[in-house]
6 protein chains.
Amino acid sequence: MRPSGRAADELRSVSIERNFTMHAEGSVLISCGNTRVLCTASVEEKVPPWLRGKNEGWVTAEYGMLPRSTGSRMRREATAGKQGGRTLEIQRLIGRSLRAVVDRRALGERTITLDCDVLQADGGTRTAAITGAYVALVDACNGLVQKGRLKSSPVHGQVAAVSVGIFGDTPVLDLDYPEDSGAETDMNVVMNDGGGFIELQGTAEGHAFRRDELDALVDLAEKGIRELMVAQDEALA
Amino acid sequence: MRPSGRAADELRSVSIERNFTMHAEGSVLISCGNTRVLCTASVEEKVPPWLRGKNEGWVTAEYGMLPRSTGSRMRREATAGKQGGRTLEIQRLIGRSLRAVVDRRALGERTITLDCDVLQADGGTRTAAITGAYVALVDACNGLVQKGRLKSSPVHGQVAAVSVGIFGDTPVLDLDYPEDSGAETDMNVVMNDGGGFIELQGTAEGHAFRRDELDALVDLAEKGIRELMVAQDEALA
Amino acid sequence: MRPSGRAADELRSVSIERNFTMHAEGSVLISCGNTRVLCTASVEEKVPPWLRGKNEGWVTAEYGMLPRSTGSRMRREATAGKQGGRTLEIQRLIGRSLRAVVDRRALGERTITLDCDVLQADGGTRTAAITGAYVALVDACNGLVQKGRLKSSPVHGQVAAVSVGIFGDTPVLDLDYPEDSGAETDMNVVMNDGGGFIELQGTAEGHAFRRDELDALVDLAEKGIRELMVAQDEALA
Amino acid sequence: MRPSGRAADELRSVSIERNFTMHAEGSVLISCGNTRVLCTASVEEKVPPWLRGKNEGWVTAEYGMLPRSTGSRMRREATAGKQGGRTLEIQRLIGRSLRAVVDRRALGERTITLDCDVLQADGGTRTAAITGAYVALVDACNGLVQKGRLKSSPVHGQVAAVSVGIFGDTPVLDLDYPEDSGAETDMNVVMNDGGGFIELQGTAEGHAFRRDELDALVDLAEKGIRELMVAQDEALA
Amino acid sequence: MRPSGRAADELRSVSIERNFTMHAEGSVLISCGNTRVLCTASVEEKVPPWLRGKNEGWVTAEYGMLPRSTGSRMRREATAGKQGGRTLEIQRLIGRSLRAVVDRRALGERTITLDCDVLQADGGTRTAAITGAYVALVDACNGLVQKGRLKSSPVHGQVAAVSVGIFGDTPVLDLDYPEDSGAETDMNVVMNDGGGFIELQGTAEGHAFRRDELDALVDLAEKGIRELMVAQDEALA
Amino acid sequence: MRPSGRAADELRSVSIERNFTMHAEGSVLISCGNTRVLCTASVEEKVPPWLRGKNEGWVTAEYGMLPRSTGSRMRREATAGKQGGRTLEIQRLIGRSLRAVVDRRALGERTITLDCDVLQADGGTRTAAITGAYVALVDACNGLVQKGRLKSSPVHGQVAAVSVGIFGDTPVLDLDYPEDSGAETDMNVVMNDGGGFIELQGTAEGHAFRRDELDALVDLAEKGIRELMVAQDEALA
């Protein structure tokens, strides 16, 4: 029995609100249950030094949590003087996931930065960030086309992500915070719309997971990501 | 003529939304025109080392801007490794302003941290932060009373803030970004509900301002702050 | 009754010693009572990156306190790994104040850095720094003229600063440390020789100050700054 | 055809040298082909602040690369002022992997730190580090037993790790650097001696990987890890 | 022929001014020619964590240069975010030199910090700092005796320092900046009043120095330090 | 009587193993008794900014200790966020020592970085680093000649280093850790093959050392360095 009363293969309710703020080229507030992440896509007409003159663009991500997005206040990373290991790990994951669906040559010498800032956390912030950032990225690229700066969007695939885990011996989809903190195993899965895996990161918090459990978790993730892609499509329609 | 078409002594429309996020003891989204700041109040049952054992509490503030709250993307302070001078100056101002209306002995050995994070910037973020943080602070203190941890709220006054400035030779109230960047003089005023000044910070960007201009600016600020206090009262009603 | 026995509108004795050290283009030791600040002006034939190629110069300031300039030893900021919020706030104030009297186009593509280092602190270090830095700046600019690198000095006005405050219910001029730590309200005022205000920063430490108190403080500041300008003129004569 | 001429399911030659340095409680030089990592286990009679008084111990890891362990010199992280995101991600992985086989209550209030320093890199440094660190950990815990500080070793399982990937459309075991830089997909797998998965991290560098490819990779990893555990057993015999 | 016209074994004129600033327990401005260093001794009734409860005190030093103490402006270390290698090396040297003449048990659980800040640099700042800091240290310790906090001064010896070097093939005493930058070999020597060496640091900038040159340099240093000790005695008389 | 049973003028056994790792242009593991330092020389075809366009090269050094190279674990400097004062002092010493035997004009616009990483420490790590780095430097420069990038090696002299000290009133050669921690005086001496001194750094830890002790220590160092140069020659033969 899940704390939320959801079925084992049931996602939390998802909402994706575009144009949440006015300055960014793409600005999406994604809510997965009580988890709310603001994902903005910013286009800049330059690339990092190591890419200059190579006729390709860059897509990168940064991740942050507002200090009181969580149950007890976290220290602001700007006052700590650096981003923590968890933050760096997450923003590297988001960046790799989004780059997997962009043709960087077609993007040209520009950088798109996906800033994913958690306003309210209830588990699954990194996967919500990926799912929301995809929509912001599409908006930003379509904007480049509308302004005549690109002929067609360099986004060549769709990407979404979800967490799965083993909670009380049962594989479940889309863990919220109470499940996440009590789960035996936690896995984040990132897939594209061709059914291919972009990232798959499983961690046994308690007992190590068996091969059959791995299979069941991957099945759940595939189902959840298909549903999230429908939500992305509806938001973009 | 103001870019926004407002009268010289006209505030932007204000909205104050309480309980914007669920974890914080006080959580307020304040909008002053297009400027939107999320102000959370977090209560912690401890004080900074230099206050331990002194039977008084502490009220402090932190300020941040999301990287794409602005027209062009700003570098995230957490990646820069430190908060900039402007950020430190603003959060010191917010902290002093709020402490001015709290009886720290009555608060007891607790800390209330006001996190003011700008989701969208269009001028006047520091004064909006003060005005919104006051409401979050009241909510947090009332919560302490409701939970029986305090007999009465330690908030003994009301505080709000506004910017005024000289734009095109005319003193105007509540500058938005186009006015702020073109203003000759910019002044931030923080007042309490007794009509007293808590902070007054005027800077001549262009020509130095005269004594009569100072008087006119202060008059405008007094009017604006009275109106902002009405908006606070309505939100808290 | 002031701790020092001074009248309410009486400045501390001021001395301004030019050429205090030998390397800087301008080098001034200013003493306001027991507060002693070494202000050097350094000319460099370059501008910050964001000003390159714009045919204008830059004037900036840095501020520091020697670790034992104060009653108890302060931590050296170089060992703390960063400048504190107070330091950043002060050096931004000094920089803005001096820029207000320099024609940056006439300066050409050069930077003048005003380093204000407090050798001995007894209240009012930031205002002493501004008053002293003006003299160092004039010396540095006159040096550029004498060396034939500029036709005339780009300094087009005079600037000085003083603190005022309410001590024991009485508005007083030029607070020393015992007054500063006991003051209800503390205000730093920066003016030019045309009687215009460049900066005005008032903070209520205790009770909020009323409009009539504000007026009295500004009157005192105007009087004090006129006298400080006479001291600057005598030093430069 | 693999650059090294190895069969698709063939590990590089492994050597595990214990007592490589004299001070650490466990000190292992592991070589997996040309990848050489020095893994030391240090026992300290204290725990991190957040574990004090909880009657359990802590096991953690740190990872570093000597500046010239790689083909071109890397900047020393101590001069960069911080550990990079990749380093933090790797040392978090190593720490979690080793904690999965330690009974932290049985360890008592002590910390064991596994320092994994890469002397020479040729792909697979993080998995080599885990495999080597396990041996150092066993030595350190056995030493605690021999000195009478513990009745029995708190190590309750065996852990080893290997990388697998898709190189030129073929799933292969134990990637070296030329394979790693050209691989379509790269997966690091950490398992215990019960055949359970502790960590599984797969990343598509090029095309996304299919479910059947995932299965083939996991099969290869299981085979490789069984062989690495034999090497660990032989070293410890 | 020396640039200054001095004889090879001739010190620059020395002046030692006590009580240069008012807050520190010892405050000395030492001038060796144009090199001027402000040395303050601060007494604090605590010791570093690693000395607590050991019934001994600590003597340490910090060193800094004002940004424009030199011919061209140096970056302020507080803005650079750390002290440079040269600074750390110098302040470690000063600290060791002063500790060599203090009975730390007799000092009791206190720390004396010698802050040596260079107001004007013309070569030999580290040796001037040691020579001046000794006088500040004596004043601070005598003050402890006068206030009844110690029965007798814990300073059991006298220490002074000078630089020597080979300039144009000739061993010379007390290098100024023009000599220092052109010297083949530069040696800093710290001695006590018993004629013993506390520190001796020689560096060949150009050709390596021979054994006979070493002997000549040490002879010069012994002579110079004897004279500096006379100046210290006179200042303290 | 020395703890190791060595005669007062007896070096520890020295071994110098070239090509210890495969990527660096020079890679040497030097063992002086139980002290083991890995010294790599890395050639890069660029110079620091301040040397660009000056037709000369640069030789520099970095020094580090693995966290458990020592008896108790040291904090990793990369996690501390900066290199400590001792580290900076040592790597400056190593860099100066090696530069003393290189013709930087003949090297051309390249940088050679000597990374000296202590795998195991038992006293004398900095002098072992210098002695080993020389061999790595020779290998790297000879490699440049063999690849036709230089006509002849820019190394024009030989350099080695040793520590000496006064242990129990007796001057002794090549201190190991038990001697080093108990020594009255510790001196590091760097010499070239012409018998000239490149660096000489003596520190009195306990009583100050006399002139005759200085002479005895220098005699011992000269003897030890001659023997170390024989070991270097044999390794390079």
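**Close-up views of the predicted assembly**

Over all chains, the structure holds twelve aromatic pairs. The coordinates come from a predicted model, and the legends below describe individual regions of that model.

**View 1**

**View 1. Chains A and B as related copies.** Chain B is laid on chain A by a turn of 180 degrees and a shift of 0.0 Å along the axis, with an RMSD of 0.0 Å. Here too the same surface serves both copies, and 100% of the contact residues of chain B recur in chain A.

**View 2. Chain pairs without contact.** Chain A and chain C do not touch, and their nearest C-alpha atoms are 10 Å apart. Chain B and chain E are likewise joined by no contact; the closest C-alpha atoms of these two chains lie 10 Å apart.

**View 3. The open five-stranded sheet of chain C.** Five strands of chain C form an open sheet with mixed pairing, in the order E1-E2-E3-E5-E4. Strand E1 (14-18) and strand E4 (58-65) of chain C stand at the edges with a single partner strand each, so one side of each has no neighbour in the sheet. On average, neighbouring strands of this sheet are turned by 20 degrees against each other, direction ignored. E4(C) and strand E5 (residues 111-120) of chain C run parallel and are joined by eight bridges. Opposite C:Gly64 stands C:Asp117 in E5(C).

**View 4. Helix H4 across the sheet of chain C.** Helix H4 (residues 125-146) of chain C lies across E1, strand E2 (26-32), strand E3 (35-44), E4 and E5 of chain C. The helix runs at about 35 degrees to E3(C).

View 5. An unreviewed UniProt entry lists residues 10-140 and 158-224 of chain A for "domain: Exoribonuclease phosphorolytic". Residues 10-140 of chain A are 30% helix and 31% strand, and the end C-alpha atoms of this span lie 31 Å apart. Residues 158-224 of chain A are 30% helix and 43% strand, with the end C-alpha atoms 14 Å apart.

View 6. For "binding site", UniProt (unreviewed entry) lists A:Arg86, A:Gly124, A:Thr125 and A:Arg126. These residues span 41 residues in sequence, yet no two of their C-alpha atoms are more than 13.4 Å apart, so they gather at one spot. A:Gly124 is placed in the loop between strand E5 (111-120) and helix H4 (125-146) of chain A.

Conventions:
Residues are numbered from 1 along each chain as its sequence is written. Chains are lettered from A and ligands numbered from 1 in the order in which they are written. This is a predicted model: local features need pLDDT of at least 70, side-chain atom pairs count only at pLDDT 80 or more; totals for chains, interfaces and linings use all residues. Side-chain values use heavy atoms; hydrogens and water are left out. Rings of Phe, Tyr and Trp (its six-membered ring) pair if their centres lie within 6.5 Å; planes under 30 degrees apart count as stacked, over 60 as edge-to-face and the rest as tilted. Two strands pair if DSSP finds at least two bridges between them. Helices (H or I, at least four residues) and strands (E, at least two) are DSSP runs, numbered from the N terminus. Axes are lines fitted to C-alpha atoms, for helices over the stretch in contact, and angles run from 0 to 180 degrees between N-to-C directions. Contact means heavy atoms within 4.5 Å. UniProt positions are given in the numbering used here, feature names are shortened, and annotations may be inferred rather than shown by experiment. Copies are superposed by least squares on the C-alpha atoms of residues with pLDDT of at least 70 in both.
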